[in-house]
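Open the structure in your viewer and keep the sequence panel beside it. The tour goes from one selection to the next and says what is there.

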Amino acid sequence: MAIDFGRTADDYVRHRAGFPEAFFERIFQDGTVRAGQDVLDLGTGTGTVARGLALRGCTVTALDHSASLLAQAAELDRAAGAQVKQVRARVENADFAPASFDVVSAGQCWHWFERARTAALVRGWLRPGGRLLIAHFDWLPLNGNIVQDTERLILACNPAWTLHSGSGLYPAWLKDVAEAGFTDLRTWSFDLDIPYSHEAWRGRVRASAGIGAVLDAAKVSHFDAELAAMLASRHPHEPLAVPHRVWALSAVAPGALG
């Protein structure tokens with residue numbers, strides 16, 4: 001199935017929680033990103049990472065192939081007072097001058113790219129000593145919890161969905177980055193609970209790759225009704241405390257291309 005988050009842009013912008021404040025605090029405290037740097041944000045979606053960096057003093061270019069998501073990002077940027085330059089293209093077809101950026105970020109999107117090609121492109125776009133930052137912010141399915149119950153419903157509706165049963169950790173990305181010649185690879189993670197009302201959780205799941213980004217409107221509606229019934233019977237108390245994990249990988253571009 002072709003994944004198109006533009007099909008679910010309204011739910012995406014309303015209900016998909018962006019990276020938490022603690023994520024931005026961490027990457028500025030540890031020096032991965034600094035105010036005043038030129039940043040390229042890949043797969044920006046509705047711009048949560050790009051906007052967070054711009055509001056903290058970075059000069060940010062945001063890249064995505066979805067016009068509808070970029071339009072939502074622009075509205076949110078205006079409302080927040082953030083200045084972000086948008087570029088519409090697929091990462092693999094993007095054209096930036098060599099050594100244009102101090103940081104390239106990729107939040108919640110590395111798995112959608114041609115990874116080896118993208119890592120090589122990023123190495124060329126970064127200035128010597130620049131950093132690649134790959135990050136994820138994932139819900140965590142644990143035995144009997146709201147996420148596991150939700151994932152079972154998604155699979156019943158869309159058996160082709162593969163992004164289930166995750167740990168929120170991505171060791172394969174280290175191989176991608178190392179093989180592209182990056183050095184000083186570092187990873188870290190932390191867990192936190194995100195509160196959701198029933199309505200907001202239903203919107204969040206509709207905006208997922210397993211439902212709204214691939215299914216037609218009738219199937220999405222049918223799924224949503226089943227999710228509402230499951231929440232009422234198995235998880236009636238609000239707000240829901242949905243466990244999530246933030247995971248990040250940073251790596252340094254070599255001093256010169258080979």
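In which helix is the place of Thr118? Select Thr118 and you are in helix α5. Helices (H or I, at least four residues) and strands (E, at least two) are DSSP runs, numbered from the N terminus. Residues are numbered from 1 along each chain as its sequence is written, and side-chain values use heavy atoms, with hydrogens and water left out. This is a predicted model, where local features need pLDDT of at least 70 and side-chain atom pairs count only at pLDDT 80 or more, while totals for chains, interfaces and linings use all residues.

**Thr118 and its contacts**

Thr118 counts as buried, at 0% relative accessibility. Buried means under 20% relative accessible area, exposed means over 50%, and partly exposed lies in between (1.4 Å probe, protein chains only). Now show the residues in contact with Thr118: Leu42, Val91, Glu92, Trp110 and Phe113, leaving aside its neighbours within four places in sequence. Contact means heavy atoms within 4.5 Å.

Next, step back to Gln108, in the loop between β4 (101-107) and α5. Gln108 is not a glycine, yet its phi is positive, about 65 degrees.

Select residues 48-55, which form helix α3. How many of the eight residues of α3 are buried? Six are, and the helix is mostly covered. The buried ones are Val49, Ala50, Arg51, Gly52, Leu53 and Ala54. To see what covers them, show elements including α2, β1, β2 (59-64), α4 (67-80), β3 (84-88) and β4. After α3 comes Gly57, with a positive phi near 100 degrees.

Among the covering elements is α4, and Leu70 lies in that helix. Leu70 is buried, with a relative accessible area of 5%. Not counting residues up to four places away in sequence, Leu70 touches Thr44, Gly45, Asp64, Gln86, Val87 and Arg88. Draw a line between the C-alpha atoms of Leu70 and Gly43: it spans 10.0 Å, and the two residues are 27 apart in sequence.

**Thr32 in its loop**

Go to the loop between α2 (21-29) and β1 (38-42) and select Thr32. Is Thr32 buried or exposed? Thr32 is buried, at a relative accessible area of 4%. Its side chain makes a polar contact with the side chain of Asp30, at 2.7 Å. A polar contact is a pair of N or O atoms within 3.5 Å; within protein, one must be able to donate a hydrogen and the other to accept it, and residues adjacent in sequence count only if both atoms are side-chain atoms. Beyond four places in sequence, Thr32 touches Ile27, Gln37, Val103, Arg131, Leu133 and Ser250.

**Helix α7**

Select residues 172-179, helix α7, and colour its buried residues Trp173, Asp176 and Val177. Why do these residues line one face of the helix? Seen down the axis of α7, they fall within an arc of 90 degrees, so they line one face. The arc is that of the directions from the helix axis to the C-beta atoms. On the face turned away from the buried side, find the exposed residues Lys175 and Glu179. The cover over the buried residues includes α5 (115-125), β5 (126-139), β6 (183-196) and β7 (240-252). Just after α7, Gly181 takes a positive phi of about 95 degrees.

Strand β7 holds Ala251, which counts as buried at 0% relative accessibility. Val177 is one of the residues in contact with Ala251. The C-alpha atoms of Ala251 and Arg186 are 6.5 Å apart, although 65 residues separate them along the chain.

**Helices α8 and α9**

Finally, select α8 (residues 198-206) and α9 (residues 217-234), which pack at an angle of about 140 degrees with their axes 10 Å apart. Axes are lines fitted to C-alpha atoms, for helices over the stretch in contact, and angles run from 0 to 180 degrees between N-to-C directions. The residues that meet include Trp201 and Val205 in α8, and Phe223 and Leu227 in α9.

Move on to Pro239, in the loop between α9 and β7. A cis peptide bond joins Glu238 and Pro239, with omega about 0 degrees.
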